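Subject: Structure handover

Hello,

Below is the structure for you to look through. My notes on what was found follow after it.

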Amino acid sequence: MFFLPRNTSKSRLREAENARRNRWEILKALADGQVTRRELIKWGIFTGFGALAWKHGLNPFVGSAWADSIPTGLPTSPLFGVQDFSTPMPRFDVLARNPNPFTFLSPTPMAQSNQTQQLLNPALEGVAPGDTGPIEGRPPGPIWAHQGFDVFPPRIAVEATQEGAKANTIYNPQVASQFNSGIDPTASIPLKFHPGLPTQGVNAVWTFNGTIPPKLVIGRYAEPILFRHHNKLPFDVRQNGGFGRHTISTHEHNGHHGAENDGFTGAFFFPGQFYDYHWPIVLAGFRTVNTGATDPRAATPDDHGGKINIPGDWRETMSTHWFHDHMFSFTSQNVYKGNAAMFNIYSALDRGNEGINDGVNLRLPSGTLKSFGNLEYDVNLMLAEKAWDANGQLAMDIFDFDGFLGDRMTVNLTYKPFFEVERRKYRFRILNASVSRFFKIALSDSSTMLQIANDGNLLPVPVPLTQLDEQGIAERYDIVIDFSRYSIGQKVWMVNLAEHSDGKKPDDDLSVAEALSGNSQDPCVGKFLEFRIVRNPATPDVSQVPPVLIPNPDLSAIPVARTRTFEFGRGAKTDTNDPVSTFFGPWGIKTDNGDMLAADFGRVSAAPRSGTREIWTLKNGGGGWDHPIHIHFEEGQVLARNGSLNNVPAAERGRKDVYRLRPGGSITITMQFRDWGGMFMEHCHNTVHEDNAMLLRWEIDDGGAPFLRPLPTPIPTPQGVTFRAPDDILPTALK
Amino acid sequence: MKTRRLLFTLGVRSLGGAVLASVAALSGFPAMAQTTITASTTSFTSTSSSTSTTTTGALVSIKGTVTGSPESVSFSGQAKLSASVVTDPDFGNSPNVVLSIDLSNVTGVGSSTGKKYVTSSQEVLSRRLIAADKVQLTFPFVQSGGSPTTSRVGAASFNLSYNVNSLKLTGATGQIASP
């Protein structure tokens, strides 16, 4: 909770501000490592469940004599006179694609981690003057070597830093200015959430390359990418502006890659290091399905309007990913601070060229100028609500373990912007990049949107909707809006219908009229993005939304190797106490009806055998919260909600990687485990829940050498990564 | 004990339509010929919390006309509602409702052509539990066999009554109109 009602009294605001300052002191001590969460619990600052103690002057939720009816906490983020919909929404900033990573990058990428030593900065924790450590943070040795590096050598290098806020002087939206609401890409872009808001301090916001707009990687199947991520965050862990951790692990959500490239939560790297992520971009099943690459639908675009067949199952084609930090226990802070970007993957089916009519290309709204990856009418939207302090600097309450909500809506890190559109069809790839907030999106006139993809996977059929399903954190909904139904000069708005009063779940899904009424206490309900219909398209709209998109893979002939149950709830305990790999928090996961356990990335909770299919049931262990559960690696199909397929809406009947449980609910999915091995994760993507400590490790470890069974746990230090045996292996993990 | 309750719940659920009964007969709600409330079930599916879910189904006869171009469409049929009231013993907050509204059995007839219009709308909403809840939503519809790109929009509204003690949906009425 991070906002108070508009009619809050001045005295209540002062009280809340005092509470905020008091908490800030504790927060700083916690962030600086001067105290631990366990100590805070022992002192009564946190409750046994991990929530901030119900103390007046500390917890802004504590009702004072006059404040029993006030549901929320802190002063609203000031707007400095900024008006809604007064600045254009910037398109994503496309990261450069550099051919031949082996000559472009220095040092040259290697299959195994580059352990060349460098002198370490003594400001790093645990580093003495003169200490050395490896230049690459990827764990060393054969287990963490890039799988398939020789078969799928990287052909494109994408290089980015993680660093503090600075102005962007090399913005590349990859569209002409008229497709970017008139934004001049040559103008320097200060890191502000709106031109009228203050510039963010260097340690208030940490983004890719230190700049906004958010970054976009363009990829295509069978063109492996080497993503080199440099950590240029402060060496001193205390230099974080109050929240955020300077160690990072970059998760390509939901890449079908080897685990060494997945951004495992325990494979984090330090300032001064880089990590090479190898994204081979292959169709799942490439080792066993369509191995001769004869199916014309399993293909990737070439540079001349044609396509090249590739192995694998065309029904596993993916389209809209994102990548973000996955630092153990600090994901929420780091993602909120700016570690979030998107990744569009193009294929023969989803070409990003609406003009090519070859019988395979679905011709979804995009553009025609390039062979693939046209962005003119294919727009990434990153939704994330933020909060800032009296000085306009990004702020976060890390003490509310139930979830964090901001009070200011941003799209592409811009406060309530407008976007100019033509009278034609557009595709929007909508990412919920919030920490704990769910959205439910409609248009202000309740007109129809066509949902074409869920979690970046094209659905079997497009689904017409006047309001999208609730969209949990990390879910991606691709939709098509046809603006030809409007006249030039008209406006229509995207509206959020999901009302929160805390970060545990949405309380109420409002009607459009209710959301537009302005009566909601939640400042992020209502209009958040204005579409301005500004002109007719220069050329006719030849894009299509065909009646059939991508059918689901038929798994019925693949035997189910086993079933597992995971219950997500509170009251977790720990059975391990490793100072690096364990984390205590109120949240936990119960595996196969065992104990409810807090996170330990040294614990193996499940270990499906390579080449098998399993059925997993994910249960919500409570009624007062929802959890969007993310399972890494390969997409699943939803078999049932609360035991029945009838409860699964049409827009959820594709492939997914994030599964909202709903209060008291359950969801049953099926997944395959193939192609790659290593250790992956399953966790709540309400990243506050994830960090406190609703996360588990599972692994595919019997795919042959170099994999051991079970895999050793990486323990990163600036001097290098060491390995140790798993702390714990649950009794049902390996069965 | 929990297992026995769960099995009972599943057993009741599996009976499906066979356990339908009239509103007046089962819930004591004032008789409304157009609404049928199914038997409610309460389940305890969590092993880590005493949270319970009380699910009540309802079949609501619904009708109304959506005006607009190229023709007005008169809708009628049965909306299928499922209200799952979920308790929150962990935080002590009021129960909340996961409300499912399925309009796929509601069809329309064009006023001038007599052609059939259909919708596949299946909406799931989070709602606070209150004794009388008015739910408004919109839904896309197309001429039968038509492309979803040609969708038009209608509005449905429901007046729902809950017994906030038993956590059951006790009554429901609905209508369709232009948005």
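Which residue stands opposite Gly588(A) in β29(A)? In this predicted model, that residue is Gly569(A).

Strand β29 of chain A covers residues 587–591, and five of its five residues are buried. In a regular strand, side chains alternate between the two faces of the sheet. In β29(A), Trp587(A), Ile589(A) and Thr591(A) point one way, while Gly588(A) and Lys590(A) point the other way. Residues on both sides of β29(A) are buried.

Strands of a sheet pair through backbone hydrogen bonds, and the pairing is either parallel or antiparallel. On one side, β29(A) is joined by five bridges to strand β28 of chain A, residues 560–570, and the two run antiparallel.

β29(A) and β30(A) form a hairpin with four residues between the strands. In this hairpin Asp592(A) takes a positive phi near 50°.

**The sheet around it**

What is the order of the strands in the open sheet? There are seven, all in chain A, and they run β30-β29-β28-β32-β37-β34-β35, with mixed pairing. The edge strands are β30 and β35 (655–656) of chain A, and each of them pairs on one side only.

Towards the β35(A) end, two bridges connect β35(A) with strand β34 (residues 636–641) of chain A, in the antiparallel sense. Gly636(A) has Lys656(A) as its bridge partner in β35(A). β34(A) is also joined to strand β37 of chain A, residues 666–673, by five bridges, and these two strands run antiparallel as well. Val638(A) has Ile669(A) as its bridge partner in β37(A).

Why does Leu443(A) count as buried? Leu443(A) counts as buried because it has 21 C-beta neighbours inside 10 Å, and the cut-off is 20 or more. Leu443(A) is found in strand β20 (residues 441–443) of chain A. Leaving aside neighbours within four places in sequence, Leu443(A) is in contact with Met449(A), Val492(A), Met494(A) and Val495(A). Arg424(A) is 19 residues from Leu443(A) along the chain, and their C-alpha atoms are separated by 16 Å.

In soluble globular proteins, nonpolar side chains tend to be buried together. The largest nonpolar core in this model has 187 residues. Those with the most contacts inside this core are Met382(A), Leu383(A), Ile452(A), Ile479(A) and Ala693(A). Strand β14 of chain A, residues 340–346, provides the largest share of the core, with six residues. Setting aside neighbours within four places in sequence, the contacts of Ile479(A) are Phe428(A), Ile430(A), Met449(A), Leu450(A), Gln451(A) and Ile452(A). Another core, of 35 residues, lies apart from the largest one, and its members include Phe75(B), Val86(B), Leu137(B) and Leu160(B).

Chain B has two helices and twelve strands. From the N terminus on, its elements run α-β-α-β-β-β-β-β-β-β-β-β-β-β. Of the 179 residues in chain B, 45% are buried. Among contacts in chain B between residues at least 6 apart in sequence, 52% join residues at least 24 apart.

**Confidence**

Chain A averages a pLDDT of 92, and 90% of the residues score at least 70. Over residues 47–51 of chain A the pLDDT is below 50, and this stretch has eleven contacts in the model beyond near neighbours in sequence. Residues 59–73 of chain A also have a pLDDT below 50, with 35 contacts in the model beyond near neighbours in sequence.

Regards

Key. Residues are numbered from 1 along each chain as its sequence is written. Chains are lettered from A and ligands numbered from 1 in the order in which they are written. This is a predicted model: local features need pLDDT of at least 70, side-chain atom pairs count only at pLDDT 80 or more; totals for chains, interfaces and linings use all residues. A residue is buried if 20 or more other C-beta atoms lie within 10 Å of its own, exposed if 12 or fewer, and partly exposed in between; C-beta atoms are placed from the backbone. Two strands pair if DSSP finds at least two bridges between them. Two residues are in contact if their C-beta atoms, placed from the backbone, lie within 7 Å. A nonpolar core is a set of buried Ala, Val, Leu, Ile, Met, Phe, Trp, Tyr and Cys residues joined through C-beta atoms within 7 Å. pLDDT is the predictor's confidence in each residue, from 0 to 100.
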